[in-house]
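Visitor: Good morning. I am new to this structure and would like to be shown around, please.

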Amino acid sequence: MSYLKIGKYYGENPNLPTYQIKEILDTDYLDISNVTHWFMLQDELGKDYLFCRNGAIGFINGTTGFSGLTKSDKEYASQNFCVSKSDRDTIYTDSEQEVFWDIFVKKSKETRGLRWENAKAFISYRLSPLDSSDLAVSTLDLNQRYVEYGIESLSEDGQDGLFDWLKNEGNFINNGFSQKVYYTEELKVGILNKLNNV
């Protein structure tokens, strides 16, 4: 199974970045992927909390699964809800998990809020004030659902989401973003990249 890897550069070119995130690492990048690194190197990688959490989940599913992780990896995976309740129960009590859940919910909401702000800045810079206002009104409920509760799409969450509207999916097949006069594929891709921290 393919998953994103963290590579650390050990070559001689001082102009190349220290870290790389790719499925297939370039020459001179050593694979240092593990759950702990996904969370501990977040700032150095230049990625947000949810991107790194998804990277950790990909690592777990693409390699040994929970049972083959180191103690540190199991702790980080459990603290950040990357694994099932039964796996988390082998590491932490219910009351400990509840404390971690509170932290997880706050970090996730904060990250989604920053992603939405970045997406808003990206698109509002490219639209007229009138079109920007129209976009704000059209997405108000959807972006609140996204930021507050992480609702992205009907297929993922069982509720219409912001990603459905942007991609004209779910219940927005005929009345999503592409129906707007200011729609372009470039704007759609740009917003989705901001929302995915790409």
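This is a predicted model: local features need pLDDT of at least 70, side-chain atom pairs count only at pLDDT 80 or more; totals for chains, interfaces and linings use all residues.

Visitor: Which residues is Asp 160 in contact with, leaving aside its neighbours within four places in sequence?
Guide: Asp 160 is in contact with Leu 142, Arg 145, Ile 151, Leu 154, Asn 171 and Phe 172.

Visitor: Let us step back. How many helices and strands does the chain have?
Guide: The chain has 10 helices and 3 strands. Its pattern along the sequence is β-β-β-α-α-α-α-α-α-α-α-α-α.

Visitor: And what does the C-alpha trace span along its principal axes?
Guide: The C-alpha trace spans about 55 × 50 × 25 Å.

Visitor: In what order do the strands form the sheet?
Guide: The order is β2-β1-β3, in an open sheet with antiparallel pairing. The edge strands, each pairing on one side only, are β2 (19-22) and β3 (29-31). Direction ignored, neighbouring strands of this sheet are turned by 35 degrees against each other on average.

Visitor: How many bridges join β1 to β2?
Guide: Strand β1 (residues 5-9) is joined to β2 by 4 bridges, and the two run antiparallel. Across this pairing, Ile 6 stands opposite Ile 21 in β2.

Visitor: Now the helices. At what angle do α6 and α10 cross?
Guide: Helix α6 (residues 94-126) and helix α10 (residues 185-195) cross at roughly 160 degrees, and their axes come within 8 Å. Because of that angle, α6 is roughly antiparallel to α10. The crossing of these two helices is right-handed.

Visitor: Which residues meet there?
Guide: From α6, the residues are Arg 115, Trp 116, Asn 118, Ala 119, Phe 122, Ile 123 and Arg 126. They meet Glu 186, Leu 187, Gly 190, Ile 191, Lys 194 and Leu 195 in α10. By class, the residues of this contact of α6 with α10 divide into 7 nonpolar, 2 polar and 4 charged.

Visitor: What about α6 and α7, at what angle do they pack?
Guide: The angle between α6 and helix α7 (residues 129-149) is about 165 degrees, and their axes are 10 Å apart. The two helices are therefore roughly antiparallel to each other. Here α6 passes α7 in a right-handed crossing.

Visitor: Which side chains or backbones come together, that is, which residues of α6 meet α7?
Guide: On the α6 side there are Lys 109, Arg 112, Gly 113, Arg 115, Trp 116, Ile 123 and Ser 124. On the α7 side there are Ser 132, Leu 135, Thr 139, Asn 143, Tyr 146, Val 147, Glu 148 and Tyr 149. The contact of α6 with α7 has 6 nonpolar, 5 polar and 4 charged residues.

Visitor: At what angle do α3 and α6 cross?
Guide: The axes of α3 and α6 cross at roughly 120 degrees and come within 8 Å. That angle is why α3 counts as oblique to α6.

Visitor: Which residues make that contact?
Guide: Tyr 49, Leu 50, Phe 51 and Arg 53 in α3 meet Phe 104, Lys 107, Ser 108, Thr 111, Arg 112 and Arg 115 in α6. This contact of α3 with α6 comprises 4 nonpolar, 2 polar and 4 charged residues.

Visitor: A last topic: how many aromatic pairs are there?
Guide: The count comes to 14 aromatic pairs. One of them is formed by Phe 39 and Tyr 49, and this pair is tilted, at 6.1 Å centre to centre with 45 degrees between the planes.

Visitor: Which helices does that pair link?
Guide: Phe 39 lies in helix α1 (residues 35-40) and Tyr 49 in helix α3 (residues 49-62), so that the pair, 10 residues apart, links distant parts of the chain.

Conventions: Residues are numbered from 1 along each chain as its sequence is written. Side-chain values use heavy atoms; hydrogens and water are left out. Two strands pair if DSSP finds at least two bridges between them. Axes are lines fitted to C-alpha atoms, for helices over the stretch in contact, and angles run from 0 to 180 degrees between N-to-C directions. Angles under 35 degrees count as roughly parallel, over 145 as roughly antiparallel, 65 to 115 as roughly perpendicular and the rest as oblique. A crossing is left-handed if the near helix is turned anticlockwise from the far one by less than a right angle, and right-handed if clockwise. Contact means heavy atoms within 4.5 Å. Ala, Val, Leu, Ile, Met, Phe, Trp, Tyr, Cys and Pro count as nonpolar, Asp, Glu, Lys and Arg as charged, and the others, Gly among them, as polar. Rings of Phe, Tyr and Trp (its six-membered ring) pair if their centres lie within 6.5 Å; planes under 30 degrees apart count as stacked, over 60 as edge-to-face and the rest as tilted.
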